[in-house]
Amino acid sequence: MSIDTLKTRLRSLPSLKGPFVDWEIDTLPDTPQQAFQYWLNDAIEEGVKEPHAMTLSTVDSDGFPDARVLILKNVDERGWHFAIKANSPKGKQLAENPNVALTFYWPALGRQIRLRGQAVVLPDAECADDFLTRPEGSKISAMASRQSEILESQQELAKSLNDAHIFLSQNPEYIEPGWKVFAVQPRSIEFWQGATDRLHKRVIFSKTADESAWQKQMLWP
């Protein structure tokens with residue numbers, strides 16, 4: 001496929017065709033946590049696939065951004081939670097620079113949520129509980145994986161998975177060392193509702209000057 005053909009093909013793909021639900025700023029609750037749960041509930045009820053999938057963006061030691069899709073674990077007054085291995089590339093990046101961004105995108109609803117803040121490790125007991133309550137297969141894959149290292153063969157992976165399975169069956173209360181749950185404490189969070197006429201509606205939550213409360217403001221499209 002030539003570059004011109006690809007360009008034409010990309011231009012022909014539909015985007016933001018809707019119809020989308022219209023809404024006003026006053027319909028969003030007064031805190032970003034409540035507003036997020038409100039929109040997440042809409043996504044679940046509308047049958048959006050994997051509405052809890054989010055993009056975590058970090059920065060490496062050379063200043064280059066890095067991004068990958070993770071699963072949201074929880075949302076509370078401390079922030080948006082996710083779990084990782086501390087020795088993974090993202091874990092090492094967070095150890096050097098805890099400033100991150102989270103992005104949720106639900107194209108069926110034409111909605112995007114962007115959050116920026118600092119990722120803070122939760123207490124050891126919560127990290128341990130998260131690992132213990134994971135499905136067995138998820139525990140095994142976490143134990144077996146040497147994330148992002150070079151894999152020499154599928155046989156090497158199969159052996160590591162088998163070894164982890166045997167070990168876990170003999171040690172059901174085992175907790176993977178370095179398993180961490182982080183909460184992203186937002187400094188700002190934007191709710192974006194796409195529109196077919198491109199006059200998108202945007203609302204941003206940011207902390208007041210004394211950081212005692214949230215303020216909610218509209219942004220230009």
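The count of aromatic pairs in this structure comes to 10. The model is a predicted one.

**Aromatic pairs**
- Trp39 and Phe191 form an edge-to-face pair, because their ring centres lie 5.3 Å apart and their planes meet at 85 degrees, where over 60 counts as edge-to-face.
- This pair joins distant parts of the chain, with Trp39 in helix H2 and Phe191 in strand E7, 152 residues apart.
- Trp39 has 1% relative accessibility and counts as buried; Phe191 is buried too, at 0%.
- The pair of Phe104 and Trp106 is tilted, with ring centres 6.2 Å apart and planes at 55 degrees.
- Phe104 is buried at 1% relative accessibility, and Trp106 is buried with a relative accessible area of 1%.
- Trp23, Trp39, Phe191 and Phe205 are linked into a cluster by ring pairs.

**Strand pairing**
- Strands E5 (residues 99-106) and E6 (residues 111-121) run antiparallel and are joined by 8 bridges.
- Asn99 stands opposite Gln118 in E6.
- The hairpin of E5 and E6 has 4 residues between the strands, and Gly110 takes a positive phi near 65 degrees there.
- E6 also pairs with E7, in the antiparallel sense, over 11 bridges.
- Opposite Arg114 stands Glu190 in E7.

**Helix H5**
- Buried residues in helix H5 (residues 136-144) are Lys139, Ile140, Ala142, Met143 and Ala144.
- These buried residues pack against strand E4 (79-85), helix H4 (124-132), helix H6 (154-170) and strand E7 (179-193).

**Surface patch**
- Met1, Leu6, Leu10 and Leu13 make a nonpolar surface patch of about 430 Å².
- Leu13 is in the loop between helix H1 (3-12) and helix H2 (32-45).

Note on methods: Residues numbered from 1 in each chain as written. Predicted model: local features only at pLDDT ≥ 70, side-chain atom pairs only at ≥ 80, totals over all residues. Heavy atoms only, no water. Buried < 20%, exposed > 50% of the residue type's maximum accessible area, 1.4 Å probe, protein only. Helix = DSSP H or I, 4+ residues; strand = E, 2+ residues; numbered from the N terminus. Contact = heavy atoms within 4.5 Å. Pairing = 2+ DSSP bridges. Patch = residues over 30% accessible without salt bridge, like charges linked within 9 Å, V, L, I, M, F, W, Y side chains within 5 Å. Areas by Shrake-Rupley, 256 points an atom, 1.4 Å probe, with all protein chains shown as cover. Salt bridge = Lys/Arg side-chain N within 4 Å of Asp/Glu carboxyl O. Phe/Tyr/Trp six-rings, centres within 6.5 Å; stacked < 30°, edge-to-face > 60°.
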